[in-house]
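Dear colleague,

I am handing over the structure we talked about, and below it you will find what came out of going through it. Please read the notes with the coordinates open beside you.

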Amino acid sequence: MNGPSEREQSSPAGPSVRDALVGTIPNLRAFAISLTGDHSMANDLVQETLLKAWASRDKYQAGTNLKAWLFTILRNTYFSQFRKSRRETQDVDGAAAARLVSLPEQLGHLDMADFKRALELLPVDQRESLLLVGAEGFSYEEAAEIAGCAVGTVKSRVNRARVRLAELLAITPPRDLPARPATHVTHAQPG
Amino acid sequence: MSEPQSQVTETKRRPDHQMFLLESDGELDVKLDESAQLLIGHHLKIVYGEIVEQPVPDQFLNLLDELERKEQER
């Protein structure tokens, strides 16, 4: 099995499965917290993911990417079970590009709290793709498999996520793309 | 305007770190230039890494211990 705390065991089941799963918990948790923006939901989500992974551990093929397999379970569980239970405000791409900060930032200096808030304002699909590729380091192909979409879709979402973050953090001014009516933006005046 | 490539035409770089892409299907898209991408990526990894470094909550270890225990009782 793959995993950071991999230990060779004589039997394929039992302790080595546990150890492999334990090794991925920090990343599963970080992804769940960053994706949901909700510590409580994230804990429930990781819990449910571990339960499902354990229950279907015979379906996992040794030698394949364990982390990717677990991340797929987690995000599928989130989108099919957990998201329905909460109403989420969607910051639709191209809607009013209100900034989190009103003063332009020097390139290289970002407030971490602002960054976290900006991340949570992204449309969830964009946030998911950005986290998989930019934070977890999955390839575009791996991220596409995890998210169940085309590679081009992941790339587009990652691009847009970055652009949106840059706007929210005042690295760039809001977009003004006359060719695309959906991106008509109004922006807050610098305070 | 740069020469059209097989998939994407990029316009000249703008001072605000954004680059416009004309996709092969005629869609106009936008992405950040490399310096802004690096800045975003750097901070994303820091924010994310802080959570990854946190100790694993007991509830998950307890869960796996319990699952393993039940398995061994069978």
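Across the interface of chain B and chain A, 8 residue pairs are found in polar contact, both residues of each pair being at pLDDT 80 or more; please keep in mind that this is a predicted model. On the side of chain B that touches chain A, at least two residues each come from β2 (18-23), β3 (28-32), α1 (34-52) and α2 (58-73) of chain B, and α1(B) gives the most, with 14 residues. Sorted by class, that side of chain B has 21 nonpolar, 8 polar and 8 charged residues.

As for the extent of the interface, 37 residues of chain B are in contact with 49 residues of chain A, and the two chains bury about 4100 Å² between them, 70% of it on carbon and sulfur atoms. The rule also finds 2 salt bridges across this interface, and B:D65 forms a salt bridge with A:R18 in which the closest N and O atoms are 2.7 Å apart.

One residue of chain A that I followed up is A:S34, which lies in helix α1 (residues 15-36) of that chain. Is A:S34 buried or exposed? With a relative accessible area of 5%, A:S34 counts as buried, because the cut-off for that class is under 20%. The side chain of A:S34 reaches the backbone oxygen of A:A30 at 2.8 Å, and, leaving aside neighbours within four places in sequence, A:S34 is in contact with A:E120, A:R127 and A:L131 as well as with B:Y48 and B:I51 of chain B.

Best regards

Terms used: Residues are numbered from 1 along each chain as its sequence is written. Chains are lettered from A and ligands numbered from 1 in the order in which they are written. Side-chain values use heavy atoms; hydrogens and water are left out. Helices (H or I, at least four residues) and strands (E, at least two) are DSSP runs, numbered from the N terminus. Buried means under 20% relative accessible area, exposed over 50%, partly exposed in between (1.4 Å probe, protein chains only). A polar contact is a pair of N or O atoms within 3.5 Å; within protein, one must be able to donate a hydrogen and the other to accept it, and residues adjacent in sequence count only if both atoms are side-chain atoms. Contact means heavy atoms within 4.5 Å. Buried area is the accessible area (1.4 Å probe) that two parts lose on being put together, summed over both. A salt bridge is a side-chain nitrogen of Lys or Arg within 4 Å of a carboxyl oxygen of Asp or Glu. Ala, Val, Leu, Ile, Met, Phe, Trp, Tyr, Cys and Pro count as nonpolar, Asp, Glu, Lys and Arg as charged, and the others, Gly among them, as polar.
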